[in-house]
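This report is intended to be read beside the sequence and the three-dimensional model. Please keep both in view while reading.

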Amino acid sequence: MQDWLFLLLPVAAASGWFAAKNHYIQKGRGDPGQEFRQAYCRGLNYLLSEKTDKAIDTFASLLESDRETIETHIALGNLFRRRGDLERAIEIHENLIQKGVLDTEQRALAQYELGLDYLRSGLFDRAEIIFGNLIDHPGRGRAALQQLLAIFQHEKEWQKAIECTRKLARLGKLPHGESVAQFLCELAEEALAAHRNEEAFQWLEQARAEDTGCVRANLLLARMRMRDGLYEEALLALKQVEAQDPAYIQEILEPLQICYERLNKSPAELMGYLGYVYETYGLESAALALARQLRTERGNGRAIEHLQRVLEAHPSLKTLNAMTGLLLEEKNGAQREALIRLDRAIDRLCAGAVRYRCSHCGFSGNELHWRCPSCRHWVAMRPVTAGRSGSASGFQ
Ligand SMILES: [Zn+2]
């Protein structure tokens with residue numbers, strides 16, 4: 001990665017040499033000394049001829065004689081890391097720390113960089129210990145906490161991630177939209193997968209208390225209640241989503257229909273709700289769900305009438321697709337053949353549509369991820385819905 005940075009090594013080393021030289025001058029020694037200069041040149045030569053072990057030894061011996069070269073050594077280790085030579089980066093940073101000649105600030109800096117070396121090497125346990133030791137450091141504490149948070153999320157250690165998030169939240173905005181409620185939902189998902197329902201319920205209650213706008217907690221709660229046959233409670237959780245974030249209404253329509261059916265509720269009540277959602281938000285998915293319900297309850301004719309009105313108000317491919325499907329059930333003869341061709345063409349156009357898009361990096365897909373697989377931001381992937389304008393939007 002960034003190979004050109006390696007070209008800066010001599011510059012970094014030279015800056016150390018000048019710092020050392022000034023240091024000697026300030027101390028009244030007049031000249032940095034032939035021996036010192038020769039040692040630095042020797043170190044650089046080793047470096048340029050890729051004899052890095054010898055270069056490190058040479059620079060390390062200079063380090064013992066002059067503290068002002070320390071930051072140059074730290075930078076040297078960083079350059080090795082950026083170049084992907086993690087072993088050497090670790091060797092330099094570890095060596096610096098073990099020398100015991102660093103002041104508090106230099107030690108914290110070297111430790112932080114060593115933590116990054118470990119992280120890049122996949123040595124998460126070691127990185128966790130290093131960053132854990134830095135969290136109370138006034139200059140490095142926040143950065144160390146951010147690194148720890150990344151480690152805990154990678155390792156799916158959600159309770160530790162929660163502690164970390166609380167501490168970071170007190171220091172300001174979280175870097176990737178991390179939130180305690182999302183981590184509680186992760187814990188609930190784990191408990192649900194293991195059929196530990198009571199535990200899952202407790203996590204979800206905490207998530208809902210932590211963030212009253214947490215759509216995911218209500219969707220999970222509804223899924224859990226439906227699995228237990230508690231459809232009335234599931235319905236209650238589903239209907240809260242609208243007030244939380246209307247962009248996610250399309251996520252509740254299918255489970256909502258199942259709950260209405262299982263509870264033997266009046267189809268008119270469900271159609272009333274779907275009609276309300278469509279009228280309020282102009283949501284294509286609500287219009288299509290209503291068309292399906294009308295077809296079942298009142299026949300094709302009513303469903304077609306409804307879709308005609310939807311197409312006039314909010315034309316979209318999916319609505320057109322639903323319309324051709326209904327018309328196919330009606331038509332015969334030559335017109336039917338033409339209609340089949342039209343239906344297939346619209347099918348192909350619809351196949352390329354995506355359901356979700358990340359509002360942060362633009363990643364898109366057909367599965368709802370609560371953490372974007374591309375940029376790793378939480379709750380950034382939003383449903384792509386055809387709303388009032390008839391165009392795709394994420395209710396931003
Ligand atoms: Zn993203």
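The sections below cover the basis of the model, the metal site, the sheet, a surface patch and selected residues.

## Basis of the model

The model is predicted: local features require pLDDT of at least 70 and side-chain atom pairs pLDDT 80 or more, whereas totals for chains, interfaces and linings use all residues. Residues are numbered from 1 along each chain as its sequence is written, and side-chain values use heavy atoms, with hydrogens and water left out.

## Zinc site

The zinc ion is coordinated at 2.3 Å by the SG atoms of Cys358, Cys361, Cys372 and Cys375. Donors are N, O and S atoms within 2.8 Å of the metal (3.2 Å for Na, K and Ca); water is not among the atoms, so sites may look incomplete. The angles among the four donor atoms are 106 to 113 degrees, and the site is tetrahedral; for four donors this term requires all angles to lie between 85 and 135 degrees.

The donor residues follow the spacing C-x2-C-x10-C-x2-C in sequence. Cys358 is buried, at 4% relative accessible area, while Cys361 is partly exposed, at 36%. Buried means under 20% relative accessible area, exposed over 50%, and partly exposed in between (1.4 Å probe, protein chains only).

## Sheet

Three strands form an open sheet in the order β2-β1-β3, with antiparallel pairing. β2 (364-365) and β3 (381-383) are edge strands with a single partner each, so one side of each has no neighbour in the sheet. Strands are DSSP runs of E of at least two residues, and helices are runs of H or I of at least four, numbered from the N terminus; two strands pair if DSSP finds at least two bridges between them.

Strand β1 (residues 356-358) is joined to β2 by two bridges. Tyr356 has Gly365 in β2 as its bridge partner.

## Nonpolar surface patch

Leu317, Leu320 and Leu349 make a nonpolar surface patch of about 250 Å². Patch residues have over 30% relative accessible area and no salt bridge, with nonpolar side chains (Val, Leu, Ile, Met, Phe, Trp, Tyr) joined within 5 Å and like charges within 9 Å. A salt bridge is a side-chain nitrogen of Lys or Arg within 4 Å of a carboxyl oxygen of Asp or Glu. Areas come from the Shrake-Rupley method with a 1.4 Å probe; for residues, only the protein chains shown count as cover.

Leu317 lies in helix α18 (residues 317-328) and is partly exposed, at 36% relative accessible area.

## Loop residues with positive phi

Lys156, although not a glycine, has a positive phi of about 55 degrees. Lys156 lies in the loop between α8 (141-154) and α9 (158-171) and is exposed, at 52% relative accessibility.

Terms used. Four donors count as tetrahedral if all angles lie between 85 and 135 degrees; four count as square planar and six as octahedral if opposite donors are over 155 degrees apart and all others between 65 and 115; anything else is irregular.
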